[in-house]
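Work through the exercises below with the sequence and the structure side by side. Each task is followed by a solution that goes step by step.

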Amino acid sequence: MDPTTDNAGYAGDPGRARASLEALRAEIAKAVVGQDPAVTGLVVALLCRGHVLLEGVPGVAKTLLVRALASALELDTKRVQFTPDLMPSDVTGSLVYDARTAEFSFQPGPVFTNLLLADEINRTPPKTQSSLLEAMEERQVTVDGTPRPLPEPFLVAATQNPVEYEGTYPLPEAQLDRFLLKLTIPLPSRQDEIGVLTRHAEGFNPRDLRAAGVRPVAGPADLEAARAAVAKTTVSPEITAYVVDICRATRESPSLTLGVSPRGATALLATSRAWAWLTGRDYVIPDDVKALALPTLRHRVQLRPEAEMEGVTADSVINAILAHVPVPR
């Protein structure tokens, strides 16, 4: 039975919701090879009502990943290619004059979807970036003084190229902090790349996911049930203190000019709860915090120039902090 067709019967069943979300990995693997961590990150973001920044070189299936996720969750998805001449109204929508009725009507932009792929967000000017980030934060678009709510669920997966910065407008730290997670999409291993080429040789068409066998295995009702279960996941005072200690340590690191803000600490607590629930527990343990620390915190810190010149990375600083901060027993 398709789990998306019987909402009333299982909308409050967190066990079934967990099983459905776990099935996403296998379903997406029919189209995307070797990107399980990114799939998990996107699911965590959906559970936390957050947004994701995807970083990877061109050609590592970022677009295909988001499309496959939308197909497996039976959600609507749209893609916007960000360019230097893109205007805010090209993203949010605008009022259009209808000569027949002599009235203005609102034409929704691509942001009115469930999963929005904002491709190369750092190639568009700050004004357009901020229009998208406002929609992410407020979950609505205001045009001509009228607020228009965005669909639910709503997730922005924004991509940026880590190797080509000429002609780009890097996101400032305050805007980066609005993303729940920053996921790095690596190049595939040799074996995975052989698998990709084998699929294409056998006729795989990335534009036809139905032909690839990708089917809906979960739906919006699953997400609602899962979110309700995540909200009930227990966090002990010791775990809360552990999260705070990790984030405070980033503010004291000699390698960083900017540490994690309290919003970042809140984000780490939220993603740890979602991961704990996905792995089958109703309480958070230190390993959950460690598992989500890198993707949740790496974009919320800023390296000192001298540390960067010495080859220090945000990930290496966070890993050192995780090794140093005492783990609660």
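**Exercise 1.** Determine which helix gives the largest share of the lining of the second largest pocket in this predicted model.

*Solution.* Begin with the elements that each supply at least two residues of this lining, which are α4 (62–73) and α8 (190–201). The largest share comes from α8, with five residues. Next, look towards the centre of the second largest pocket, where G59, V60, A61, L64 and V196 lie nearest among its 22 lining residues. Sorted by class, the lining holds 14 nonpolar, four polar and four charged residues, and the volume of this pocket is about 480 Å³.

**Exercise 2.** Describe the largest pocket by its volume, and then by the residues and elements that line the largest pocket.

*Solution.* The volume comes to about 660 Å³. Of the 22 lining residues, L176, K182, R298, V301 and E308 are the closest to the centre. Two or more residues of the lining come from each of β1 (52–55), α7 (173–176), β9 (181–184), β11 (302–303) and α14 (314–324).

**Exercise 3.** Decide whether Y97 is buried, partly exposed or exposed, and name the surface patch to which Y97 belongs.

*Solution.* First locate Y97, which lies in strand β3 (residues 93–98). Its relative accessible area is 47%; because buried means under 20% and exposed means over 50%, Y97 counts as partly exposed.

Notes. Residues are numbered from 1 along each chain as its sequence is written. This is a predicted model: local features need pLDDT of at least 70, side-chain atom pairs count only at pLDDT 80 or more; totals for chains, interfaces and linings use all residues. Side-chain values use heavy atoms; hydrogens and water are left out. Helices (H or I, at least four residues) and strands (E, at least two) are DSSP runs, numbered from the N terminus. Buried means under 20% relative accessible area, exposed over 50%, partly exposed in between (1.4 Å probe, protein chains only). On a 1 Å grid over the protein atoms alone, a cavity is a set of points where a 1.4 Å probe fits but cannot get out, and a pocket is an open set with protein on both sides within 12 Å along at least five of seven lines; lining residues have an atom within 4 Å of a point. Grid points are joined across faces, edges and corners, and a volume is the space filled by probe spheres set on the points. Ala, Val, Leu, Ile, Met, Phe, Trp, Tyr, Cys and Pro count as nonpolar, Asp, Glu, Lys and Arg as charged, and the others, Gly among them, as polar.
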